[in-house]
Amino acid sequence: MAETTPRTIAPAKGKLGVLCVGLGAVASTFMAGVELARRGKARPIGSLTQLATIRLGKRTESRTPLIREFVPLAGLDDLVFGAWDPIPDNAYESCLKCGVLDKHEHVEPIRDFLQAIKPMPAVFDQHYVKRLSGVNVKPGKSKREWAEALRKDIREFKASGGCDRVVIVWCASTEIFIQPGATHQTLAAFEKAMDANDVTIAPSMLYAWAALMEGIPFANGAPNLTVDFPALEQLALDKKVAIGGKDFKTGQTMLKTVLSPMFKARMLGVAGWYSTNILGNRDGEVLDDPESFKTKEESKLGVLEYILQPKMYPELYGELYHKVRINYYPPRGDNKEGWDNIDIFGWCGYPMQIKVDFLCRDSILAAPLVLDLALFFDLAQRAGFSGVQEWLSFYFKSPQVGPGLYPEHDLFIQHTKLKNTLRYLMGEEQITHLGVEYYEYGKE
Ligand SMILES: NC(=O)c1ccc[n+]([C@@H]2O[C@H](COP(=O)([O-])OP(=O)(O)OC[C@H]3O[C@@H](n4cnc5c(N)ncnc54)[C@H](O)[C@@H]3O)[C@@H](O)[C@H]2O)c1
């Protein structure tokens, strides 16, 4: 029996435009993977919207539909793609340059599709991404002018693609570290700073502002501030638009948010956690700049603090030494290697060590997240969920949350939250895992 009334959700009819800011490794791998899946040439592995089921009701009811059959999501055939990038490569050239997908098996067979995705000129300023330069940039000198040009791009993309709805996912480079300041507190201050070309207004914020002004949901896959501050959070509420971020949770941090809840659940101590990476793609090159790395570092470091709660458990985690390194190493390309050395201690304080060596593929892990985020943000928008989408924390290293809340980092709590939100949307009973109703003592 349903416990709540289902939300009114507008149907997913017509085309959904997915606009990626950035057409590098992640975005091109995402678009190619969707097209390959549509043609039956590859499977969308890693995507909950395509593969996962959801349990409904009691364990004895055996009701476990696919998520995509339970909630009204846009279908893969209804997606239309577009992008901005200061590098003029189309999606075919980007796939070949990034070298994530096999040229003969996965790129050449969809060459026509990929070549048709050409990036629109970007709003780009090297001050915010030091290791990049590009020629495909918007003319004009003022931030207001650029932001208005982005709004025009969104409208034209929507019209030319015959789209019913659009979502935007930031898949562009990590910008330099910016702390929220006075210009980020109110919309009036933000727009005034935009008009004054203030240095605290980064290009990513202009994309986010343009999206919100056009009523388009915006998800941020990088650790930049972008839409994570009061001015744009308020604008999202005013315009009734879904927003969220930050930083796709894919490799080392995903492992961290699985392993550290285990240590805490068992009350095992952690003395130190040393994480290092070698990475040779363009993202690695951008992160080789200390100012962009600082943005990433902040995003990666926060996780343990929140999960282990050293203030609550000082004898277990109070002295924890946490270090994160990313080293640019070109020979590896997109195939990152992430090492973790974890020094833990147990009964009577005896030390133990855990070593993790994750030989992963960055964009292969991130592409399904872009797909899920596009589909779930569109769902949220149609369901009238505006403002920060905390229920999608599952996908982010540094989840954006409402004012006064701390983020939930534990992957499995995030997973439960996501699925319970889907049950809530459809008016299904929440699953608490209490389970006493199966036993005599629960029936008394
Ligand atoms: N791959 C992962 O597992 C993963 C995980 C978490 C976060 N991320 C983040 O996702 C983003 C994309 O990663 P990637 O591997 O595709 O990087 P990439 O360098 O291959 O692609 C990023 C693209 O963004 C473009 N760009 C930079 N500034 C722009 C702007 N202002 N407007 C439009 N385009 C702009 C660049 O020219 C580049 O083509 C990075 O910020 C990365 O840190 C990736």
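**A guided tour of the predicted model**

Begin with Ser62, which counts as exposed because its relative accessibility is 63%; the classes are buried under 20% relative accessible area, exposed over 50% and partly exposed in between, with a 1.4 Å probe and protein chains only. The model is a predicted one, in which local features need pLDDT of at least 70, side-chain atom pairs count only at pLDDT 80 or more, and totals for chains, interfaces and linings use all residues. Residues are numbered from 1 along each chain as its sequence is written, and side-chain values use heavy atoms, with hydrogens and water left out.

**Backbone features**

Keep Ser62 selected and display its backbone torsions: phi is positive, at about 50 degrees, although Ser62 is not a glycine. The residue belongs to the loop between α2 (48–51) and α3. Helices (H or I, at least four residues) and strands (E, at least two) are DSSP runs, numbered from the N terminus.

Select Cys348 next. Its phi is likewise positive in a residue other than glycine, with a value near 60 degrees. Cys348 sits in the loop between β8 (337–345) and β9 (351–359), and it counts as exposed because its relative accessibility is 67%.

Proceed to Gly245 and Lys246, which are joined by a cis peptide bond with omega of about -10 degrees. Lys246 is placed in the loop between β5 (242–244) and α11 (252–265).

Then select Asp78, in the loop between α3 (67–70) and β2 (79–84). With a relative accessibility of 25%, Asp78 counts as partly exposed.

**The ligand site**

Select the ligand and the 30 residues around it, of which Val26, Asp85, Val123, Ala172 and Arg282 come nearest; a residue belongs to this set if one of its heavy atoms lies within 4 Å of the ligand. Now display the polar contacts, each a pair of N or O atoms within 3.5 Å; within protein, one atom must be able to donate a hydrogen and the other to accept it, and residues adjacent in sequence count only if both atoms are side-chain atoms. Asp85 places a polar side-chain atom 2.6 Å from an oxygen atom of the ligand. For Thr250, a polar side-chain atom is 2.8 Å from a ligand oxygen.

**Cysteines**

How many disulfides does the structure hold? The number is 0, where a disulfide is a pair of cysteine sulfur atoms within 2.5 Å. Select Cys95: the nearest cysteine sulfur, that of Cys98, is 7.2 Å away. Cys95 is buried, with a relative accessible area of 3%. For Cys360, the nearest cysteine sulfur is also that of Cys98, at 16 Å. Cys360 is buried, its relative accessible area being 6%.

**Final stop**

Select Tyr439, located in the loop between α16 (411–425) and α17 (440–443). Its relative accessibility of 44% is why Tyr439 counts as partly exposed.
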